[in-house]
Amino acid sequence: MFIASILYRADLEAVTPVLDKLDTIVLPKVDTAEDVAFVDNYLSTKGNDINNRIKILACIESAKGVMNLKQICQAPRVDGLIVRVTREPKYVINVSNTTI
């Protein structure tokens, strides 16, 4: 989580000036619900409109991410998944109203 959080913070700071124009952030290399929580916490500090509007599309790209899929799906803001455990994207899953 430590390395991911450093990379996530740099990316989030780069897009902060345009957060008011976004409704979804694609979050790469999500291995745990804590990865999503880090981004959720960052967005929660950016004002009510942004806090309530921006969703996360979590990219699952490792076996660890697959093993933690249930917790990732239950993490705040997660609105969908991209499951990519090979070189080519295989599945896009909307989890808004799905029970896993």
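1. In the largest nonpolar core, which has 22 residues, the members that touch the most other members are Leu27, Val30, Val36, Val39, Leu43, Ile72 and Leu81. A nonpolar core is here a set of buried Ala, Val, Leu, Ile, Met, Phe, Trp, Tyr and Cys residues joined through side-chain atoms within 4.5 Å, and buried means under 20% relative accessible area, exposed over 50% and partly exposed in between, with a 1.4 Å probe and protein chains only. Two or more residues of this core come from each of α1, β1, α2 (33-44), β2 (55-60), α5 (69-74) and β3 (78-83), and the greatest share, six residues, comes from α2. Helices (H or I, at least four residues) and strands (E, at least two) are DSSP runs, numbered from the N terminus. As general background, nonpolar side chains tend to be buried together in soluble globular proteins.

2. A word on the basis of these notes. The model is predicted, so that local features need pLDDT of at least 70 and side-chain atom pairs count only at pLDDT 80 or more, whereas totals for chains, interfaces and linings use all residues. Residues are numbered from 1 along each chain as its sequence is written, and side-chain values use heavy atoms, with hydrogens and water left out.

3. The strands β2 and β3 pair in the parallel sense over five bridges, where pairing requires that DSSP finds at least two bridges between two strands. Within this pairing, alanine 58 has leucine 81 of β3 as its bridge partner. Because five of the six residues of β3 are buried, this strand is largely enclosed by the rest of the structure.

4. Cysteine 59, which lies in strand β2, counts as buried because its relative accessible area is 9%. Apart from neighbours within four places in sequence, cysteine 59 is in contact (heavy atoms within 4.5 Å) with Val26, Leu27, Pro28, Lys29, Val30 and Ile82. One of these, proline 28, is 31 residues away from cysteine 59 in sequence, yet their C-alpha atoms are 4.8 Å apart in space.

5. For context, most residues other than glycine have a negative phi.

6. What does the side chain of aspartate 40 make a polar contact with? Its partner is the side chain of arginine 77, at 2.7 Å; a polar contact is a pair of N or O atoms within 3.5 Å, of which, within protein, one must be able to donate a hydrogen and the other to accept it, and residues adjacent in sequence count only if both atoms are side-chain atoms. Aspartate 40 is found in helix α2 and is buried, with a relative accessible area of 13%. Leaving out residues up to four places away in sequence, aspartate 40 touches Pro76 and Arg77.

7. Leucine 22, in the loop between α1 (2-15) and β1 (24-27), is partly exposed, its relative accessible area being 26%. Not counting residues up to four places away in sequence, leucine 22 touches Arg53 and Ile54.
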